[in-house]
Amino acid sequence: MRCWKCGQLFEVKPGERIGARDECSTCGADLHSCRNCRFYDPAKHNQCTETQAEWVRNKEAANYCDYFQPSPIAASNNRSSSSPSEAAKKKFDSLFKI
């Protein structure tokens, strides 16, 4: 898994849990947050694909969601851009290159 904020790589062994108060050793971001969860999807209702999860206001802050699972997608993402909006803009611009 990678930190959603800085991209720092963390090894999560099978059966190991990320605690609600665990933080990234590099940037201090909360690791048990929606942004690091495999169910996080900004395009979905409540930005979560888990239908039974309760709504979380701040997707970047620590929470106590029982459905949290470290995101395999976040681990494989290329962290060249600093925000999702910049990544979307790059993809959009690449559509119209001549």
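1. In this predicted model, the secondary structure of the chain comes to two helices and zero strands. One of the helices is α1, which covers residues 72–76, and another is α2, which covers residues 84–95. Several of the residues discussed below, including glutamate 16, asparagine 46 and glutamine 47, lie in the segment before α1.

2. On the chain as a whole, 28% of the 98 residues count as buried. The accessible surface comes to about 7,300 Å², and carbon and sulfur atoms account for 50% of that area. Among contacts between residues at least 6 apart in sequence, 55% join residues that are at least 24 apart.

3. A reader who looks for salt bridges will find one in the structure. Arginine 35 forms a salt bridge with glutamate 60, and the closest N and O atoms of the two residues are 3.0 Å apart. This pair links distant parts of the chain, since its members stand 25 residues apart, although arginine 35 and glutamate 60 are both placed in the segment before α1.

4. Arginine 35 counts as buried because its relative accessibility is 18%, which is a value under the 20% cut-off. Glutamate 60, at 36% relative accessibility, counts as partly exposed.

5. Negative charge gathers in a patch on the surface, made up of Glu11, Glu16, Asp22 and Glu23.

6. A nonpolar patch on the surface is formed by Phe92, Leu95 and Phe96, which together have about 380 Å² of accessible area. Leucine 95 belongs to helix α2, and because its relative accessibility is 63%, this leucine counts as exposed.

7. Asparagine 46 is located in the segment before α1 and, at 32% relative accessibility, counts as partly exposed. Glutamine 47 is also placed in the segment before α1, and its relative accessible area of 28% makes it partly exposed.

How values were computed. Residues are numbered from 1 along each chain as its sequence is written. This is a predicted model: local features need pLDDT of at least 70, side-chain atom pairs count only at pLDDT 80 or more; totals for chains, interfaces and linings use all residues. Side-chain values use heavy atoms; hydrogens and water are left out. A salt bridge is a side-chain nitrogen of Lys or Arg within 4 Å of a carboxyl oxygen of Asp or Glu. Helices (H or I, at least four residues) and strands (E, at least two) are DSSP runs, numbered from the N terminus. Buried means under 20% relative accessible area, exposed over 50%, partly exposed in between (1.4 Å probe, protein chains only). Patches are made of residues with over 30% relative accessible area and no salt bridge: like charges are joined within 9 Å, nonpolar side chains (Val, Leu, Ile, Met, Phe, Trp, Tyr) within 5 Å. Accessible areas come from the Shrake-Rupley method with a 1.4 Å probe; for residues, only the protein chains shown count as cover. Lys and Arg count as positive and Asp and Glu as negative; His and the chain ends are not counted. The place of a charge is taken as NZ of Lys, CZ of Arg, CG of Asp or CD of Glu. Contact means heavy atoms within 4.5 Å.
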